[in-house]
Amino acid sequence: MKKSYLNTKKSAVLGAVVSALTFASLPTMASIYDSNGIESLAKEAQNIVQGKVMKIDYKDSVEGIPHTFVTYQIEDDIQGLQKGRQVTLRFIGGIKKISDTQYDVLEVSNVPEFNLGEENILMIAEKSDGQCPLVRCSEGFFKVKSGEVFTESGRPVQIGKSSEHAQRPVAMDDEQGEISGKTLSAQAQAKGASVQQFKKAVQSAMKGKPAKEIQSANIAQRFSASIPVAMPAPAVPARAKQSAQDIVDDVDHQ
């Protein structure tokens with residue numbers, strides 16, 4: 001997980017000191033963002049849905065490993081079964097409260113960032129590994145902005161164009177998750193595919209797959225982490241000596 005967790009919990013961090021930052025990683029795979037790559041991802045999906053982030057919560061596993069619970073309002077579904085539901089998905093990584101004045105943050109590479117109110121398209125994996133329920137994790141996560149589709153890292157998804165053009169980066173506003181594109185050339189500011197173009201590209205890959213209900217995670221239940229994640233003893237980083245407001249300001253301006 002990345003700094004958006006501090007942004008999401010900014011009000012809780014004010015007046016507190018973040019005691020340590022711990023990092024972990026999930027396996028990453030080569031990414032392809034043209035239509036062929038999208039269809040390849042879709043073939044591994046059980047469900048493909050579009051939804052809005054309604055709630056973000058944090059809870060530790062029984063081993064004490066932080067996890068994030070993200071609740072989506074499903075607005076559309078390729079297979080038509082999930083529309084109108086609220087579904088909660090669990091991801092490894094998040095904020096661990098040590099005390100009223102101390103927090104640990106577990107950041108996990110290849111796990112998406114989440115922002116309240118953001119629109120996403122999610123490719124739900126046929127079988128979750130317990131760490132991330134999406135196909136190839138961040139590769140199965142897309143941002144919808146002004147009717148266009150972007151990858152988790154902000155690259156525009158291109159339908160019917162080469163991956164060379166599809167992977168040109170687009171500047172992102174870290175705090176708001178918005179496309180800025182102010183410093184990029186006109187050539188680099190490629191538009192993302194429309195939501196309808198994206199859905200059309202994945203429909204053939206999903207054709208014939210039986211519709212299955214997405215299993216919603218229950219934050220009230222105890223759960224175990226799927227694999228052990230090394231969490232060294234907390235050490236006070238240099239920036240923890242700053243005031244809480246300085247920490248938040250530092251995060252916001254990175």
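Counting as a disulfide any pair of cysteine sulfur atoms within 2.5 Å, the search comes to 1 disulfide. The model here is a predicted one, so local features need pLDDT of at least 70 and side-chain atom pairs count only at pLDDT 80 or more, while totals for chains, interfaces and linings use all residues. Residues are numbered from 1 along each chain as its sequence is written, and side-chain values use heavy atoms, with hydrogens and water left out.

The disulfide joins Cys132 to Cys137, with 2.3 Å between the sulfur atoms. The link of Cys132 and Cys137 is right-handed, at 100 degrees about the S-S bond. As for cover, residues are called buried under 20% relative accessible area, exposed over 50% and partly exposed in between (1.4 Å probe, protein chains only). Cys132 is buried at a relative accessible area of 4%, and Cys137 also counts as buried, at 5%.

Stepping back to the whole chain, there are 6 helices and 11 strands; these are DSSP runs numbered from the N terminus, with helices being H or I of at least four residues and strands being E of at least two. Of the 254 residues in the chain, 50% are buried. A contact means heavy atoms within 4.5 Å. Among contacts with a separation of 6 or more, 70% come from residues 24 or more positions apart. The chain exposes about 12300 Å², with carbon and sulfur atoms supplying 49% of that area; accessible areas come from the Shrake-Rupley method with a 1.4 Å probe, and for residues only the protein chains shown count as cover.

Two strands pair if DSSP finds at least two bridges between them. On one count, β3 pairs with β2 in the antiparallel sense over 11 bridges, and Val53 has Tyr72 in β3 as its bridge partner. The hairpin of β2 and β3 has 5 residues between the strands, and there Gly64 takes a positive phi near 90 degrees. Strand β4 (residues 86-92) is also antiparallel to β3, joined to it by 7 bridges; here the bridge partner of His67 is Ile92 in β4.

Then come the charged pairs. Side chains of opposite charge can pair when their charged atoms come close. With a salt bridge taken as a side-chain nitrogen of Lys or Arg within 4 Å of a carboxyl oxygen of Asp or Glu, the whole structure holds 7 of them. One of these joins Lys96 and Asp60, whose closest N and O atoms are 2.7 Å apart. Lys96 sits in strand β5 (residues 94-99) and Asp60 in strand β2 (residues 45-60), so this pair ties together parts that are 36 residues apart in sequence. Lys96 counts as buried at 18% relative accessibility, whereas Asp60, at 26%, is partly exposed.

Asp100 and Lys97 form another salt bridge, at 3.2 Å between the closest N and O atoms, and both residues are exposed. Lys209 and Glu126 also meet in a salt bridge (3.3 Å, N to O). This pair links distant parts of the chain, 83 residues apart: Lys209 is in the loop between α5 (195-206) and α6 (244-252), and Glu126 in the loop between β7 (119-125) and β8 (141-145). Finally, Glu44, Arg136 and Glu139 belong to one network, joined by salt bridges that share partners.
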